[in-house]
Amino acid sequence: GRPMLWKHRDTDEYYNHIGHLKGEKYAFTALLNSKDVVYEDVWAGMNEAGFAIANNVSYNINTTKYDRPSRNGVVMMQALGVCATVDEFEKFIAEMPVPKGASANFAVIDAQGGAAYFEVGDDRYFRFDVKDSPNGYLYRTNFSVAGIEDKGAGYIRYEAAKKLFEGKKRNFTPGWILDNPARSFYHGLMKTDLKDVSDKKLGEGYVISQDYIPRYTTVSSIVIEGVNPGEDPRNTVMWSAIGYAPCSYAIPVWVGAGDEIPACLALKEGGLAPANELAMDLKAVVFPVKRGNGNKYLDYLTLRKKILPYVTKAEDKELAEGGKVNKHLAKKGFDLEVIKEFNKNADKRFENFHNIMKQITDK
């Protein structure tokens, strides 16, 4: 019965990590650009009050052009620092000066049972509550349903998400989201799924990677699992797969743990998050063509046979072990020592995964 928020991130900022920051009122854990040493923006996150936020850039919400930079990440960072509920976020958005510097669909959940999408432009916004949806969920890509018709982007991926979520219908879990839509090669326009194509028919193994949910520019896929009313908001957890999603597995981070984040997800001093580095190395294996339009050609056969089985096995283990921690926290209350022990073991498991996968990247 807990709310969940999925963020599947695409950008040319290929390196990101999980970090913990202090806001104006609340501390929060968030997805951050690893080269953004100033930390003026975030790309998804959860705070100690149980409020969480993510966004999709919208290319059709603004009808008036203003001379202003985009502030989508700044808006999320500020909101995590001051908002505890969905309603407080609406007040925050409504009171922003015009132009707001926003062109995004902001997804938000809270610890009071709230879950909604806000389609926000420079001088207007629209609210869509999950409770008003007959399906019990909402999803967006890079267009707003209240925006200019047939403008924007992401329509084919939107249809893919529709197919996958409607096929599932109910009983959604972080594991299902990360192992299905986040790594799905179902095509929303052609109505085909690469998992149904035999090894023989794949020939050399290459496919044109265009308009699938995971793309060359995918840099992370996370699911924030909130709490029910009355539960401790510190138990809000972010299942974090940083890097190209088909080459990266989710590891949980609890907001109440503060700076206690698995080392493989955190920014390494003088370097990058190890999980992101490894995922980028594996991505280079499945996108080996570097010249011309090489980044449009995915070696799907190698991905399917040599990488995905290890990714899903590692993720299944994290889901199981993280699930045990979730049950403990729900029953006994927030327990930092249990999380510290989990983090230590999660880093050991990642090191084992790293050693196995380096045999592939080193070839």
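Which side chain meets E231 in a salt bridge? The partner is R2, with N and O 3.3 Å apart. This is a predicted model.

**Salt bridges**

Side chains of opposite charge can pair when their charged atoms come close. A search of the whole structure finds 22 salt bridges.

| E231 | R2 | 3.3 Å |

Start with E231 and R2, which meet in a salt bridge. E231 lies in the loop between β12 (218–225) and β13 (237–242), and R2 in the segment before β1, so the pair ties together parts that are 229 residues apart in sequence. E231 is partly exposed, at 28% relative accessible area. R2 is partly exposed too, at 26%.

R127 is partly exposed, with a relative accessible area of 28%.

K131 counts as exposed, at 70%.

**Aromatic contacts**

The structure holds 23 aromatic pairs. One of them joins W6 and F165. Their ring centres are 6.1 Å apart, with 35° between the planes, and the pair is tilted. W6 lies in strand β1 (residues 4–10) and F165 in helix α3 (residues 155–168), so the pair ties together parts that are 159 residues apart in sequence. W6 is partly exposed, at 21% relative accessible area. F165 is buried, at 7%.

F165 also pairs with Y137. Here the centres lie 5.3 Å apart and the planes meet at 40°, so this pair is tilted. It links distant parts of the chain: Y137 is in the loop between β8 (125–129) and α3, F165 is in helix α3, and they are 28 residues apart. Y137 is buried, with a relative accessible area of 11%.

Which aromatic cluster holds W6, Y137 and F165? It is one that also includes Y139, F143, Y155, Y158, F172 and W176.

**A charge over two rings**

R140 lies over the face of Y117, 5.2 Å from the ring centre. The charged end of R140 also sits over the ring of F128, at 4.9 Å from its centre.

**The second largest pocket**

The second largest pocket has a volume of about 280 Å³. How is its lining divided by class? Four residues are nonpolar, three are polar and five are charged. The lining includes the acidic residues D179 and D193, and K195, R183 and R304 also line the pocket. Among the others are L164, N180, S184 and F185. Helix α7 (residues 300–332) gives the largest share of the lining, four residues. Y300, R304, L308 and T312 are in the lining list.

Terms used. Residues are numbered from 1 along each chain as its sequence is written. This is a predicted model: local features need pLDDT of at least 70, side-chain atom pairs count only at pLDDT 80 or more; totals for chains, interfaces and linings use all residues. Side-chain values use heavy atoms; hydrogens and water are left out. Rings of Phe, Tyr and Trp (its six-membered ring) pair if their centres lie within 6.5 Å; planes under 30 degrees apart count as stacked, over 60 as edge-to-face and the rest as tilted. Helices (H or I, at least four residues) and strands (E, at least two) are DSSP runs, numbered from the N terminus. Buried means under 20% relative accessible area, exposed over 50%, partly exposed in between (1.4 Å probe, protein chains only). A charge sits over a ring if NZ of Lys or CZ of Arg is within 6 Å of the ring centre and within 35 degrees of the ring normal. On a 1 Å grid over the protein atoms alone, a cavity is a set of points where a 1.4 Å probe fits but cannot get out, and a pocket is an open set with protein on both sides within 12 Å along at least five of seven lines; lining residues have an atom within 4 Å of a point. Grid points are joined across faces, edges and corners, and a volume is the space filled by probe spheres set on the points. Ala, Val, Leu, Ile, Met, Phe, Trp, Tyr, Cys and Pro count as nonpolar, Asp, Glu, Lys and Arg as charged, and the others, Gly among them, as polar. A salt bridge is a side-chain nitrogen of Lys or Arg within 4 Å of a carboxyl oxygen of Asp or Glu.
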